[in-house]
Each structure stands twice: as structure tokens, then as C-alpha cells.
Amino acid sequence: MNNYLSSLFNLSGKVALVTGATGQLGYAICESFLASGMNVIGIDLRISQSRVIQSENIQYFEVDIRNADALKDFFNKLSSSIISIDVLVNNAGVSVFEPFEERPEESFDWVMDVNLKGTFFCIQNYVNFQRINRKHGSIVNVASFYGVISPDFRIYTDCSRKNSEVYGATKAGIIQMSKYFAVHLANDNIKVNCISPGGIFNPENPQGEDFLQNYSFRCPMKRMAKVQEMIGAILYLSSDAASYTTGQNIIIDGGMSCW
Ligand SMILES: NC(=O)c1ccc[n+]([C@@H]2O[C@H](COP(=O)([O-])OP(=O)(O)OC[C@H]3O[C@@H](n4cnc5c(N)ncnc54)[C@H](O)[C@@H]3O)[C@@H](O)[C@H]2O)c1
């Protein structure tokens with residue numbers, strides 16, 4: 001029993017690929033995977049040296065997940081040195097904040113391209129990669145509670161970063177795409193789940209005072225999330241503890257979506 005329990009969450013020696021690896025959440029995911037003994041491949045649009053983790057167990061690559069050909073090349077190159085990627089975390093995501101009445105087509109397309117098409121291209125290439133050596137795997141997609149509920153605009157009094165319809169629509173799409181691939185990839189032994197974070201406090205670029213107060217009033221747990229609070233679910237979904245869990249969306253929002 002003890003052996004069984006210790007193996008449940010054991011990620012040591014496994015390989016993970018994390019997109020958006022140098023962003024706020026991506027950095028924390030890479031850090032926790034490394035601390036769990038994993039080898040990590042981090043990809044991002046631009047790798048800024050101030051956002052990389054110094055470790056021999058992580059390698060960074062600049063890849064634009066919107067670019068299907070670039071992603072295909074990237075996975076082809078990986079296949080010369082790696083035979084399996086145990087976990088893919090589709091974390092890269094963007095949003096736009098102008099009022100919807102003024103939203104230009106490019107803004108809409110950008111969010112669709114990164115969040116939905118980019119996530120799809122990563123899943124497509126990952127599955128083709130794993131199938132070469134008939135390896136099983138795990139995909140964890142990062143959606144958002146705004147893929148499940150609409151923002152309450154009353155909380156944005158001093159904040160110009162009002163969440164957009166296209167962001168929520170792409171995140172809802174990611175939740176649905178996770179279910180689609182959970183069913184489609186079950187025979188490949190690839191499980192597909194997602195997490196939906198609530199608002200995460202960003203100490204490097206703090207949200208406005210008014211917003212923080214309003215958000216805390218609206219949230220049953222009376223505060224925004226800490227980035228580390230997303231990690232437990234990601235580790236769980238990446239591990240054997242979730243071996244029979246697929247197609248699920250874990251909402252981590254301090255209860256915000258419950259009312
Ligand atoms: N921060 C929050 O409050 C919050 C809440 C809910 C969901 N999320 C989701 O969590 C994920 C991470 O968000 P974050 O807060 O860390 O944001 P972030 O902006 O700090 O990180 C996102 C990363 O994705 C990268 N990226 C953007 N476009 C890319 C592309 N075309 N190819 C490769 N990489 C690209 C960016 O360079 C950046 O490093 C996103 O999917 C976001 O939608 C965040």
C-alpha cells in the first residue's frame with residue numbers, strides 16, 4: 001500500500017512540455033515540475049533571460065504555437081533526442097481588453113489563433129509524436145473560469161482590463177476540446193483534462209486596488225488566487241493519481257463560479 005501511495009504522485013524522471021513557459025503561471029508550472037524531478041521543455045514566443053529557470057533539467061525554445069509548420073519542425077527535431085513526452089501542458093494564452101464595440105478583427109483573430117488554434121496544433125503534434133513510439137501520455141489544458149461564467153463587470157470599476165467575449169469563448173472552446181480529445185484519445189491511453197483558474201494575483205503587475213477589493217467581495221474565499229494554488233491540480237492531472245480521470249475541468253476559483 002505504501003509503495004502504491006508513493007507512486008501515485010511520483011513524477012520523477014518524466015518529461016513535460018509546457019507552453020507559455022516564461023509567463024506567470026508557466027514559470028510556476030516549470031518550477032514545480034522541476035522540483036518533482038521531471039525534465040522540462042519550455043516553449044514560449046520569446047524567451048526572456050529574466051524569466052528562465054537555471055537548471056540543467058529544463059530546456060527552452062522559442063516557438064510560436066500559432067505556426068503549424070514551426071511546431072511540426074519543433075516536434076520533428078525533438079524526436080531525435082526524446083522518445084516520449086509524458087505530459088503536455090497547454091498554458092500559453094492571450095487576451096484583449098478594448099471595449100467590445102471597438103474590437104478590431106485582428107484582436108479577435110489573435111486571441112482565437114493563440115488560445116484555440118495554438119492549443120489544437122500543440123495537441124495534434126503531441127499526439128502524432130507520442131504515436132510514433134506508441135507511448136501513452138497526459139494533456140493538461142489551461143482554460144479559465146471565464147470559459148464557464150461571464151465576468152461580472154461591476155468589479156472592474158478602476159480597471160481598464162475588462163475581460164473580453166473572445167477570451168471567454170476560446171476558453172469555453174478549450175474546455176470542450178478537452179472533452180473531445182479525452183474521448184478521441186482514450187484508445188491511445190492519452191488522458192486530456194483542463195484546469196480553469198480564477199483571477200490570479202500578479203505581484204509583478206498588480207491589479208488595481210478597487211478591482212482587488214471588488215473581486216474579494218465577490219469571491220466566496222474573499223481574495224484572488226496565488227499562482228501556486230494552481231499547481232496542485234496540475235501535478236495531480238499529470239500524475240498516475242489521475243490515471244482514470246479524463247475529460248474533466250477543475251475550476252480553481254475560490255468558489256467564484258458557484259454563485
Ligand atoms: N492570470 C490569470 O488571472 C488567469 C486566469 C485564468 C486563466 N489564465 C490562463 O492561464 C494561462 C497563463 O496565463 P498567465 O497569467 O501566466 O499569462 P502570461 O501572459 O504571464 O503568460 C502567457 C505566456 O504565453 C506566451 N505566449 C503568448 N502567445 C504565444 C504564442 N503564440 N506562442 C507561444 N507562447 C505564447 C506569452 O509569451 C507568455 O509568456 C493563460 O492561458 C491564461 O489565459 C490566467
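Asp 253 is buried (under 20% relative accessible area, with exposed meaning over 50% and partly exposed in between; 1.4 Å probe, protein chains only), yet Asp 253 has no salt bridge. A salt bridge here is a side-chain nitrogen of Lys or Arg within 4 Å of a carboxyl oxygen of Asp or Glu. For Asp 253, the nearest side chain of opposite charge is Arg 218, 8.1 Å away; Lys and Arg count as positive and Asp and Glu as negative, with His and the chain ends not counted.

This is a predicted model, so local features need pLDDT of at least 70 and side-chain atom pairs count only at pLDDT 80 or more, while totals for chains, interfaces and linings use all residues. Residues are numbered from 1 along each chain as its sequence is written, and side-chain values use heavy atoms, leaving out hydrogens and water.

**Around Asp 253**
- Asp 253 sits in the segment after β7 (249-252); helices (H or I, at least four residues) and strands (E, at least two) are DSSP runs, numbered from the N terminus.
- A polar atom of the Asp 253 side chain is 3.0 Å from the backbone nitrogen of Gly 255.
- Neighbours within four places in sequence aside, Asp 253 is in contact (heavy atoms within 4.5 Å) with Phe 145, Gly 198 and Cys 219.

**Where Arg 218 pairs up**
- Arg 218 forms a salt bridge with Asp 152, and the closest N and O atoms are 2.9 Å apart.
- That pair links distant parts of the chain, with Asp 152 in the loop between β5 (137-142) and α5 and Arg 218 in helix α6, 66 residues apart.
- Both ends count as buried: Asp 152 at 14% relative accessibility, Arg 218 at 19%.

**Other salt bridges**
- The structure holds 10 salt bridges.
- Glu 165 and Arg 103 meet in one of 2.6 Å, N to O.
- Glu 165 lies in helix α5 (residues 165-184) and Arg 103 in the loop between β4 (87-90) and α4, so the pair ties together parts 62 residues apart in sequence.
- Glu 165 is partly exposed at 39% relative accessibility, whereas Arg 103 is buried at 14%.
- Glu 98 joins Arg 103 and Glu 165 in a network of salt bridges.
- Glu 204, exposed with a relative accessible area of 64%, has a salt bridge to Arg 51 at 3.1 Å, N to O.

**A buried strand residue**
- Ser 196 lies in strand β6 (residues 190-197) and is buried, with a relative accessible area of 0%.
- Beyond four places in sequence, Ser 196 touches residues including Phe 145, Ile 175 and Asn 249.

Notes
Polar contact = N/O pair within 3.5 Å; in protein donor to acceptor, adjacent residues only side chain to side chain.
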